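Please look through the sequence and the model below before reading on. The paragraphs after it go from the overall fold to particular side chains.

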Amino acid sequence: MAGLSPSAADIPPRVSWPDGVCRIFLISLGEAVFVSGRAFSDSDLALPHGMGFALAFVGIVQLWRIYFYRAGLVLPLAIAAAGDPARQSVTAALNHLVMISGVVLAGVGFELYIIEPTGRPDPNWLVAILGGPALFLLGRASFERQVFGRISLSRLIGLLALGLLIPAGWNAPPLVPGAGATAVLAGIAVADARRARGREPEPPAPLR
């Protein structure tokens, strides 16, 4: 109807596939939940393991919140409004591939610091514990640029913070960098909420 904002029904069939990539992203989050729950059930169920599981759960929630904050919700409209929807569709698929890879890698990190929260430090573990969230944020920043034509400062600060956590977590037990990564994701989610408070939802402005 005239005068109404675009809805899912107004999107041409050629761009209806974004719902599919969103579902795949949700499946990757579900896999992270499953891996974390299995790791906790296989652990000693002591307090440090419980803390690791709690951190993993909070981290998964923040990944979900960061993904869906506007860009994840308006992707079909952004592709429909783009000058070259086919190229935008390919870009969206690549961005989702990066984000999903980040979630899968982060899930490995969750498993590591749930099973061995106070274990012997191993710098190789930082690839998953910090690299997973960093890879997700990298894909999410590119995704945001695709949909809105800009990148939020919080994404860049988050990537920098994760990089700074590398020396801090180099000789620390896995739970320490895990807590740091979760804090970074939570900070970005809070920044998103503050940005949205009292403002009209931002319409998509895809790159032409």
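Predicted model: local features only at pLDDT ≥ 70, side-chain atom pairs only at ≥ 80, totals over all residues.

Residues are numbered from 1 along each chain as its sequence is written, and side-chain values use heavy atoms, with hydrogens and water left out.

The secondary structure comes to eight helices and zero strands, where helices (H or I, at least four residues) and strands (E, at least two) are DSSP runs numbered from the N terminus. Of the 208 residues of the protein, 42% count as buried, a term that stands for under 20% relative accessible area, with exposed meaning over 50% and partly exposed the range in between (1.4 Å probe, protein chains only). Among contacts (heavy atoms within 4.5 Å) between residues at least 6 apart in sequence, 83% join residues at least 24 apart. The protein exposes about 10,500 Å², of which carbon and sulfur atoms supply 67%; accessible areas come from the Shrake-Rupley method with a 1.4 Å probe, and for residues only the protein chains shown count as cover.

Turning to the aromatic side chains, the structure holds seven aromatic pairs, counted where rings of Phe, Tyr and Trp (its six-membered ring) have centres within 6.5 Å, with planes under 30 degrees apart called stacked, over 60 edge-to-face and the rest tilted. The rings of Y67 and F68 have centres 4.7 Å apart and planes at 85°, so this pair is edge-to-face. Y67 counts as buried because its relative accessibility is 0%, and F68, at 17%, is buried as well. Y67 also pairs with F143, and here the centres are 5.9 Å apart and the planes at 10°, so the two rings are stacked. Since Y67 lies in helix 2 and F143 in helix 6 (residues 131-148), this pair ties together parts that are 76 residues apart in sequence. Ring pairs link Y67, F68 and F143 with F25, W64 and F136 into a cluster.

Which residues are linked in a network of salt bridges? They are E144, R150, R155 and D192, a salt bridge being a side-chain nitrogen of Lys or Arg within 4 Å of a carboxyl oxygen of Asp or Glu. E144, which counts as buried at 2% relative accessibility, forms a salt bridge with R150, the closest N and O atoms being 2.1 Å apart. R155 forms a salt bridge with E144 too, with the closest N and O atoms 3.5 Å apart; R155 lies in helix 7 and E144 in helix 6, so this pair ties together parts that are 11 residues apart in sequence. The side chains of R155 and D192 meet in a further salt bridge (2.7 Å, N to O), and this pair links helix 7 to helix 8 (residues 175-196) across 37 residues. Both R155 and D192 are buried.

Some single residues complete the picture. Q62, found in helix 2 (residues 47-68), counts as buried at 10% relative accessibility, and, leaving aside its neighbours within four places in sequence, Q62 is in contact with L185, A186 and A189. L45, in the loop between helix 1 (18-42) and helix 2, has a positive phi of about 60° although it is not a glycine, and L45 counts as exposed at 53% relative accessibility.
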